[in-house]
Amino acid sequence: MERSTWRHWHSDVRVSRFQLIAVCVISFFVAKWMLDATKSKLRRLGLARKFGCEAIKSYYQLDRRLGLLFLYNNINNFRARKFLESWDHYLTTTGKTFGFWVLGQRMMVTTDPENVKTLLATSFDDFEKGPELRAAFSLLTGDGIFAVDGKQWHWARTLLRPSFTKSEMSNTQLFEAHYQSLLRVLPADGVAVDLQGLFSRLTMDTATDLLFGSSMNSLEHPDSYETSNFASSCEIALGAVFRDVSIGSLRKIVYRRRSREAREGIYKVIDQRIQEALQRKDKSQGNTKRHVFIDHLMESTRDPSILRDQSVSALLGGRETTASLLSNLLHTLARKPDIWDDLREEVLSLKDRTLDQESCKEAVYLSHCVKESLRLHPVIPINVRWCNKDTVLPRGGGPSGASPILVPKGTQVYMALYSMHRDPNTYGDDAHEFRPERWDDLKPGWNYVPFSGGPRMCVGQQLALTEATYTMLRLLQSFKAIEAADEEPWRENLSIAMSSASGCKVRLYRARE
């Protein structure tokens with residue numbers, strides 16, 4: 001009897017010890033969490049006092065930190081192709097800078113140029129792409145320049161930048177060869193054609209030629225398996241990246257077999273081009289006549305995965321940016337014949353000049369039209385940064401929005417460039433209209449950042465502008481008139497680059513020599 005009682009007592013003591021240990025461990029972590037939270041709060045209060053921060057305006061949300069209703073409305077507006085219009089409304093009614101929550105994640109949006117300057121330049125080290133954006137891009141571009149931060153980004157930038165500053169990137173002879181391919185597939189006078197798809201193929205041909213030394217020739221062989229499969233794979237994969245960027249952590253529950261197949265289709269083509277380049281290098285048969293992107297990369301590394309990641313980033317970035325810029329601009333010009341006539345008059349005055357980079361610069365009115373298109377329809381309408389430490393933005397606090405605001409670590413900050421580029425305080429009461437003449441004396445500074453700004457400014461900016469300008473010069477020389485082939489207004493089609501949801505359906509009329 002006594003022995004049995006002893007066993008029960010001993011067992012109770014042993015259970016009590018386990019419970020005590022568990023309670024101690026849990027208490028330790030709870031105490032540590034509370035201590036860290038208190039330290040963080042005091043640090044933020046000190047930072048706010050130091051810089052005179054005031055409370056940021058908040059978008060009113062019924063479900064507060066969940067933000068499910070806000071998310072639901074954004075999804076509906078995206079499907080209705082009114083996402084940017086709805087954000088423009090939020091900014092007009094709430095303020096140039098405001099805070100909101102989605103799925104427990106603190107977020108901010110701003111159109112204030114001083115905040116944009118801080119995010120992209122003056123406090124560059126405090127902000128990065130962030131884990132969500134890196135995860136979304138890395139599924140396609142691996143460790144390419146779009147999907148990395150910190151030392152990895154600096155290394156990628158150092159690796160890529162020389163290639164985009166070479167004179168070959170402004171080689172108008174190469175642009176001319178691919179323009180001639182475009183010219184051959186354009187229909188007879190007055191026949192409707194969708195230029196948006198043709199521009200995508202034009203820029204793909206130019207990009208593959210610059211990157212690998214040989215073009216895909218998709219304009220000449222649109223029905224080949226490589227061309228059609230690669231084009232559809234790019235569309236699917238880029239759409240998946242944009243979706244993942246948009247939904248954040250919810251991407252983890254998305255079924256992605258189709259996007260994986262698309263990614264493998266892209267990799268198959270890129271890997272083949274890389275292997276061909278490596279074989280040329282081994283045989284000392286590199287392209288010595290002109291600079292080729294992949295040959296330059298191989299001077300720094302022979303690792304196939306690095307070559308692929310950077311090549312995919314450069315190819316998709318270069319293709320999408322220029323194609324979207326051209327199709328957005330032509331969609332507008334097809335509805336403004338007077339501007340087309342003025343542009344032709346300017347371009348025809350250059351008829352005795354060789355069309356090179358210098359003559360492109362002399363087409364001032366055309367440059368204004370390109371800037372105006374990038375203002376109204378920025379190829380990247382929203383930019384985003386993730387705060388990697390407690391820091392401060394200079395504006396957005398207090399009733400007037402003129403005071404500094406505290407930005408806690410982990411905050412996602414969106415720069416609504418589409419709305420910022422339409423600010424009447426900078427661009428006048430007609431900011432929503434296409435008026436190239438405004439650029440005669442306009443210097444908007446950080447109110448205009450179509451290619452981002454600061455250290456992370458798009459490395460392919462000059463290439464995109466030169467190719468787009470040259471293509472426009474040649475189209476203006478070749479065609480005396482353009483008209484819209486439909487009555488569809490411009491509506492947003494949001495992907496990695498923004499384009500027209502209805503395409504760019506026009507009728508062209510050739511100039512007779």
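The lining of the second largest pocket divides into 11 nonpolar, 12 polar and six charged residues. Nonpolar here is Ala, Val, Leu, Ile, Met, Phe, Trp, Tyr, Cys and Pro; charged is Asp, Glu, Lys and Arg; the others, Gly among them, are polar.

This is a predicted model: local features need pLDDT of at least 70, side-chain atom pairs count only at pLDDT 80 or more, and totals for chains, interfaces and linings use all residues. Residues are numbered from 1 along each chain as its sequence is written, and side-chain values use heavy atoms, with hydrogens and water left out.

A pocket is an open set of points on a 1 Å grid over the protein atoms alone, where a 1.4 Å probe fits, with protein on both sides within 12 Å along at least five of seven lines; lining residues have an atom within 4 Å of a point. Of the 29 lining residues, Ser-200, Glu-235, Arg-319, Glu-320 and Asn-493 lie nearest the pocket's centre. Helix H9 gives the most to this lining, eight residues (helices are DSSP runs, H or I, of at least four residues, numbered from the N terminus).

Now salt bridges, meaning a Lys or Arg side-chain nitrogen within 4 Å of an Asp or Glu carboxyl oxygen. The structure holds 22. One joins Arg-474 and Glu-176 at 2.8 Å, N to O. Arg-474 sits in helix H18 and Glu-176 in helix H7, 298 residues apart. Both are buried (under 20% relative accessible area; exposed is over 50%, partly exposed in between, with a 1.4 Å probe and protein chains only).

Glu-372, Arg-375, Asp-430, Arg-435 and Arg-438 are linked in a salt-bridge network.

Conventions: Helices (H or I, at least four residues) and strands (E, at least two) are DSSP runs, numbered from the N terminus.
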